[in-house]
Amino acid sequence: MNKISNQFSSIEQITDRYLKKDGRSSVSNNAELSFGEILKQKQAVNESSVLKFSKHASQRLQSRNIELSNEQKERLETGAEKAEAKGMRESLVIVDSYSFIVNVPSKTVVTAMDQNESEENIYTNIDGAVIM
């Protein structure tokens with residue numbers, strides 16, 4: 001931070017240096033955008049609908065030999081988006097014979113299970129379910 005403040009006296013100098021077309025930066029494609037617009041774009045990408053798997057869920061997938069196809073992953077993400085649209089916080093998303101508990105606000109799959117392995121098929125601490 002001090003390094004930047006010693007070299008530049010304003011945000012405009014930084015954007016001129018790093019974001020203009022004649023600059024040497026690889027982000028010169030964004031030269032027409034202001035620093036604030038670029039920041040909003042980057043934040044929007046980070047907050048996108050990319051669904052993450054918790055460490056526990058990843059271990060469950062591995063230990064239960066569950067391998068999701070790209071089509072199943074897309075349906076799981078769509079299910080999480082639908083849960084978010086309905087205001088759910090902890091959702092059960094069922095894709096084929098697989099069940100996923102999704103923490104909707106953090107867009108994180110908390111656990112995964114194969115319905116064929118579970119004898120009782122009882123799910124607790126959820127506020128909604130999406131069947132894909």
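**The sheet and its surroundings**

Tutor: By the rule used here, the count comes to three salt bridges. The model is a predicted one.

The sheet is open and is formed by five strands, in the order β1-β4-β3-β2-β5, with mixed pairing. Strands β1 (52–53) and β5 (128–131) stand at the edges with a single partner strand each, so one side of each has no neighbour in the sheet. Helix α4 (residues 55–63) packs on the sheet, where it touches β1, β3 and β4, and its direction makes about 20° with that of β4. Helix α5 (residues 70–85) also packs on the sheet. Its contacts are with β1, β2 (90–95), β3, β4 and β5, and its direction makes about 145° with that of β2.

Next, the pairing within the sheet. Strands β3 (residues 98–103) and β4 (residues 108–114) run antiparallel and are joined by six bridges. Asn103 lies in β3 and stands opposite Thr108 in β4. The side chain of Asn103 also makes a polar contact of 2.7 Å with the side chain of Glu90. Leaving aside neighbours within four places in sequence, the residues in contact with Asn103 are Arg89, Glu90, Thr108 and Val110. Strands β2 and β5, by contrast, run parallel, with four bridges between them. One of the pairs is Ser91 and its bridge partner in β5, Gly128. Gly128 and Val130 make up the covered face of β5, while Ala129 and Ile131 make up the uncovered one.

Now the nonpolar core. The largest one has 18 residues, and those that touch the most other members are Leu51, Leu68, Leu76, Val93, Phe100, Val102 and Val109. Two or more residues of this core come from each of α4, α5, β2, β3 and β4. Take Leu76: neighbours within four places in sequence aside, Leu76 is in contact with Leu51, Phe53, Leu68, Val93, Val95, Phe100, Val102 and Val109. Leu68 lies in the loop between α4 and α5. Leu68 counts as buried because its relative accessible area is 15%, which falls under the 20% cut-off. Not counting residues up to four places away in sequence, Leu68 touches Phe53, Lys73, Leu76, Tyr98 and Phe100. Leu68 and Tyr98 are 30 residues apart in sequence, and their C-alpha atoms are 9.2 Å apart in space.

Glu71 and Arg75 form one through their side chains, at 3.1 Å from N to O. These two are four residues apart in helix α5, which means that about one helical turn separates them. Glu71 is partly exposed at 42% relative accessible area, whereas Arg75 counts as buried at 19%. Arg75 forms another salt bridge with Asp96, with the closest N and O atoms 2.9 Å apart. Arg75 is in helix α5 and Asp96 in the loop between β2 and β3, so this pair ties together parts 21 residues apart in sequence. Asp96 is partly exposed, with a relative accessible area of 41%. A further salt bridge joins the side chains of Glu84 and Lys107 at 3.2 Å, N to O. This pair links distant parts of the chain, with Glu84 in helix α5 and Lys107 in the loop between β3 and β4, 23 residues apart. Glu84 is partly exposed at 40%, while Lys107 is buried at 17%. Through shared partners, salt bridges join Glu71, Arg75 and Asp96 into one network.

Notes. Residues are numbered from 1 along each chain as its sequence is written. This is a predicted model: local features need pLDDT of at least 70, side-chain atom pairs count only at pLDDT 80 or more; totals for chains, interfaces and linings use all residues. Side-chain values use heavy atoms; hydrogens and water are left out. Two strands pair if DSSP finds at least two bridges between them. Contact means heavy atoms within 4.5 Å. Axes are lines fitted to C-alpha atoms, for helices over the stretch in contact, and angles run from 0 to 180 degrees between N-to-C directions. A nonpolar core is a set of buried Ala, Val, Leu, Ile, Met, Phe, Trp, Tyr and Cys residues joined through side-chain atoms within 4.5 Å. Buried means under 20% relative accessible area, exposed over 50%, partly exposed in between (1.4 Å probe, protein chains only). A polar contact is a pair of N or O atoms within 3.5 Å; within protein, one must be able to donate a hydrogen and the other to accept it, and residues adjacent in sequence count only if both atoms are side-chain atoms. A salt bridge is a side-chain nitrogen of Lys or Arg within 4 Å of a carboxyl oxygen of Asp or Glu.
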